[in-house]
Amino acid sequence: MKQPKKMRALCPFCKKHTTHTVKQSKKRVRDTAHTMSQSAKRKDRHKRGYGGHGKYSKPAVSKKPSQKLDLRYKCEECGKSHPKEGFRIRKFEQQ
Ligand SMILES: [Zn+2]
């Protein structure tokens, strides 16, 4: 899919069609906090010694073939931005 950098869209704040700049939001990187939490300790106990790791063997979130796109539309008149509902797409490029 090709997406222009600027396009006209409905601004929910101005309540009319204005030019918007479209940006793909960056993924937030989570830091690994709570290393000594009860659930983390339980996981460590499970992974010790012989045998399988039980429910910790499989990944917590299964990877899908395509990730949902997160687009942000920024109104040029009021400067506020609003998201668009994410949709799955294999290839995305901005013009
Ligand atoms: Zn606006």
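Cys14 is partly exposed in this predicted model, its relative accessible area coming out at 25%. Cys78 falls into the partly exposed class as well, at 34% relative accessibility. Both cysteines belong to the zinc site, where the protein donors are the SG atoms of Cys11, Cys14, Cys75 and Cys78, sitting 2.2 to 2.4 Å from the ion. Cys14 is in the loop between E2 and E3, while Cys78 is in the loop between E4 and E5, so this pair ties together parts of the chain that are 64 residues apart in sequence.

What geometry does the site of the zinc ion have? It is tetrahedral, with angles of 100 to 120° among the four donor atoms. Along the chain, the donors follow the spacing C-x2-C-x60-C-x2-C.

Now for the sheet around these loops. Four strands make an open sheet, ordered E2-E3-E4-E5, with antiparallel pairing. Which strands are at the edges? They are E2 and strand E5 (81–83), each of which pairs on one side only. On average, neighbouring strands of this sheet are turned by 45° against each other, direction ignored. Strand E4, residues 71–75, pairs with E5 in the antiparallel sense over three bridges. Take Arg72: its bridge partner in E5 is Pro83.

| Salt bridge | Closest N and O atoms |
|---|---|
| Lys6 and Glu76 | 3.4 Å |
| Glu77 and Lys16 | 3.5 Å |
| Asp70 and Arg72 | 2.9 Å |

Is Lys6 buried or exposed? Lys6 counts as exposed, at 54% relative accessibility, whereas Glu76 counts as partly exposed at 41%.

For the salt bridge between Glu77 and Lys16, Glu77 is in the loop between E4 and E5 and Lys16 is in strand E3, so the two tie together parts that are 61 residues apart in sequence. Glu77 is exposed, with a relative accessible area of 54%, and Lys16 is partly exposed with 42%.

As for Asp70 and Arg72, which also form a salt bridge, Asp70 counts as partly exposed at 28% relative accessibility. Arg72 gets that label too, at 36%.

Asp70 and Arg72 turn up again around Lys23. Leaving aside residues up to four places away in sequence, Lys23 touches Asp70, Leu71, Arg72 and Gln94. Lys23 is part of strand E3 and is exposed, with a relative accessible area of 61%. How far apart are Lys23 and Tyr73 in space? The C-alpha to C-alpha distance is 6.6 Å, though the two are 50 residues apart in sequence.

Most residues other than glycine have a negative phi. Lys15 has a positive phi of about 60° even though it is not a glycine. Where is Lys15 found? It is in the loop between strand E2 (6–11) and strand E3 (16–24). Lys15 is exposed, with a relative accessible area of 69%; that value is over the 50% cut-off, which is why the residue gets this label.

Notes
Residues numbered from 1 in each chain as written. Predicted model: local features only at pLDDT ≥ 70, side-chain atom pairs only at ≥ 80, totals over all residues. Heavy atoms only, no water. Buried < 20%, exposed > 50% of the residue type's maximum accessible area, 1.4 Å probe, protein only. Pairing = 2+ DSSP bridges. Axes fitted to C-alpha atoms, helices over the stretch in contact; angles between N-to-C directions. Donors = N, O, S within 2.8 Å, 3.2 Å for Na, K, Ca; no water. Tetrahedral: all angles 85-135°; square planar, octahedral: opposite > 155°, others 65-115°. Contact = heavy atoms within 4.5 Å. Salt bridge = Lys/Arg side-chain N within 4 Å of Asp/Glu carboxyl O.
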